[in-house]
Amino acid sequence: ATDVTQTFGVAKADQSINFTDPSDATFAPAGTVGLTATASSGLDVSFASNSTGVCTVSGSTVTMVGAGTCSITASQAGSDNYNAAVPVTRTFEVGLASQTISFTLPSQVSIEGGTMPLTATATSGLTVAFTSQTPSTCTVSGVSAQLLAAGTCTITAAQAGDGNYSPATEVTASANLQALPPPLVDVCSPDGSCAGTDLAGI
């Protein structure tokens, strides 16, 4: 008998993606979140960020850029045997991070210098602002306190937060401002000799 040849096509198989929902996270500079997704074909799944202002992706690792909603799409482009999978998108929240302030003052300061430097740091790295709670004894200009009178100088350090950090709990510190010593006056004896004498002793 004469051989008969028949042909038929083998269609590409469909595939689907199983993409695990990432958990919500708290913002941290360059903080990372791992991604997990598999394709029913066994082919590698790729990821892309839809919100690069909040997060970026390299491989299967998300890097935080800022607080907000991070949107990631998982895709598989197919192969000689499989059609492209329907992309799957997942979102998770990158929440505001907390921050704390470190701020102290010396216990005693002489008002003779006229000013007192103010130094404080926030764990966020954001700038700390100062206000005086005792304006009769000291006022604040930028990062310096002007010393006006003897008494207690109380300063509050604050950091209001930003798009990535919550406001910090304010920190208050106090210094005891000491008065200037009494001036010295020259007291001359009849023979013309003079000596510096404490005015308080006259």
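Is Cys70 buried or exposed? Cys70 counts as buried because its relative accessibility is 0%. Buried here means under 20% relative accessible area, exposed means over 50%, and partly exposed lies in between (1.4 Å probe, protein chains only). The points below start with the basis of the model and then return to this cysteine.

1. **Basis.** This is a predicted model, in which local features need pLDDT of at least 70 and side-chain atom pairs count only at pLDDT 80 or more, while totals for chains, interfaces and linings use all residues. Residues are numbered from 1 along each chain as its sequence is written, and side-chain values use heavy atoms, with hydrogens and water left out.

2. **Overall make-up.** The protein chain has 20 strands and zero helices. Both are DSSP runs numbered from the N terminus: helices are H or I with at least four residues, strands are E with at least two. Of the 202 residues in the chain, 31% are buried. The accessible surface is about 11900 Å², and carbon and sulfur atoms hold 52% of that. These areas come from the Shrake-Rupley method with a 1.4 Å probe; for residues, only the protein chains shown count as cover.

3. **Contacts along the chain.** A contact means heavy atoms within 4.5 Å. Among contacts with a separation of 6 or more, 55% come from residues 24 or more positions apart.

4. **Largest core.** A nonpolar core is a set of buried Ala, Val, Leu, Ile, Met, Phe, Trp, Tyr and Cys residues joined through side-chain atoms within 4.5 Å. The largest one has 23 residues. Phe19, Phe47, Val62, Cys70 and Ile72 touch the most other members. Strands S1 (17-19), S4 (37-39), S7 (61-64), S8 (68-75) and S9 (88-95) each give two or more residues to this core.

5. **Cys55 and Cys70.** The structure holds two disulfides, each a pair of cysteine sulfur atoms within 2.5 Å. One joins Cys55 to Cys70, with an S to S distance of 2.0 Å. The torsion about its S-S bond is about 90°, so this disulfide is right-handed. Cys55 sits in strand S6 (residues 55-58) and Cys70 in strand S8, so the link ties together parts 15 residues apart in sequence. Cys55 counts as buried because its relative accessibility is 0%. Leaving out residues up to four places away in sequence, Cys70 touches Ser51, Val54, Cys55, Val62, Arg90, Thr91, Phe92 and Val94.

6. **Cys138 and Cys153.** Here the sulfur atoms are 2.1 Å apart in a disulfide. The link is right-handed, with 95° about the S-S bond. Cys138 lies in strand S15 (residues 138-141) and Cys153 in strand S17, 15 residues apart. Both cysteines are buried.

7. **Ser71.** Ser71 is in strand S8. It counts as buried because its relative accessibility is 14%. Setting aside residues up to four places away in sequence, Ser71 touches Ala48, Ser49, Asn50, Ser51, Cys55, Thr89, Arg90 and Thr91.

8. Two strands pair if DSSP finds at least two bridges between them. S6 and S7 pair in the antiparallel sense, over four bridges. Cys55 has Met64 of S7 as its bridge partner. The hairpin has two residues between the strands, and Gly59 takes a positive phi near 65°.

9. **Aromatic pairs.** Rings of Phe, Tyr and Trp (its six-membered ring) pair if their centres lie within 6.5 Å; planes under 30 degrees apart count as stacked, over 60 as edge-to-face and the rest as tilted. The whole structure has three such pairs. Phe19 and Phe47 form a tilted one, 5.4 Å centre to centre and 55° between the planes. Phe19 is in strand S1 and Phe47 in strand S5 (residues 46-49), 28 residues apart. Phe19 counts as buried at 2% relative accessibility, and Phe47 at 15%. Phe27 and Tyr165 have ring centres 5.8 Å apart and planes at 90°, so their pair is edge-to-face. This pair links distant parts of the chain: Phe27 is in the loop between strands S2 (25-26) and S3 (32-34), and Tyr165 is in the loop between strands S17 (151-158) and S18 (171-178), 138 residues apart. Phe27 and Tyr165 are buried.
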